Amino acid sequence: YVDTDLECLQNIEPLLDGASLVGCHEDGIDRISFSLSTGFIAVSRQHPTMKRVLEAYTKVVLNTADINLKTGPKFFRIALGKDIALMRIIPARWIYPVRYSERTALAELKCYEQTCHFFGAYAVHLFRPEGAMWTPIENQEKKSCDRRILHLRSVIEFVNDTY
């Protein structure tokens, strides 16, 4: 699973090689005891940990306090429980070369208008500004839309095919 505002910069297969559960935290490994990114998650088919996490999501009551605790990184970390030990935690800089707290740099670097490359990064989370429309790069509007549709299909297929 990847958020629709995560732009791949290079093939992520090396990050997944030999692992059945892969994740990261945008602020680094020292934060995984508290929360875990939900913008990038890789899991093998029918992984029992993910099945349990998905079941926990079905019990969430929405429109209540702290959405982060209800469905976001805090919730995901709590739902993983001690199975966090089974997860390959990749360096934050590989997916989050720019942290959410530094997201204004993305606009300053014109990352919403062109692909920005960050040394060693496999992807960049663009943290689309609230209410902002994407500025399509020439001939990329259709690609962007297709990526979102593909993402939605992959989530639906994952849930339907896996569980």
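K110 counts as partly exposed, because its relative accessibility is 44% and that class lies between the 20% and 50% cut-offs. This is a predicted model, so please take the values as computed ones. K110 sits in the loop between α6, residues 104–108, and β5, residues 123–125. Its phi is positive, about 65°, although K110 is not a glycine.

Next, Q46. This residue also is not a glycine, and its phi is positive, near 60°. Where is Q46? It is in the loop between β3 and α2, with α2 covering 48–57. Is Q46 buried or exposed? Its relative accessible area is 52%, so Q46 is exposed, the cut-off being over 50%.

Now to S37. It belongs to the loop that runs between β2, at 21–23, and β3, at 42–43. S37 has a relative accessible area of 6% and is therefore buried, since buried means under 20%.

What does the side chain of S37 reach? Another is the side chain of Y96, which S37 meets through its own side chain in a polar contact of 2.3 Å.

Which residues is S37 in contact with, once neighbours within four places in sequence are left aside? They are C24, H25, F76 and Y96.

To recap the loops: K110 is between α6 and β5, Q46 between β3 and α2, and S37 between β2 and β3.

Notes. Residues numbered from 1 in each chain as written. Predicted model: local features only at pLDDT ≥ 70, side-chain atom pairs only at ≥ 80, totals over all residues. Heavy atoms only, no water. Helix = DSSP H or I, 4+ residues; strand = E, 2+ residues; numbered from the N terminus. Buried < 20%, exposed > 50% of the residue type's maximum accessible area, 1.4 Å probe, protein only. Polar contact = N/O pair within 3.5 Å; in protein donor to acceptor, adjacent residues only side chain to side chain. Contact = heavy atoms within 4.5 Å.
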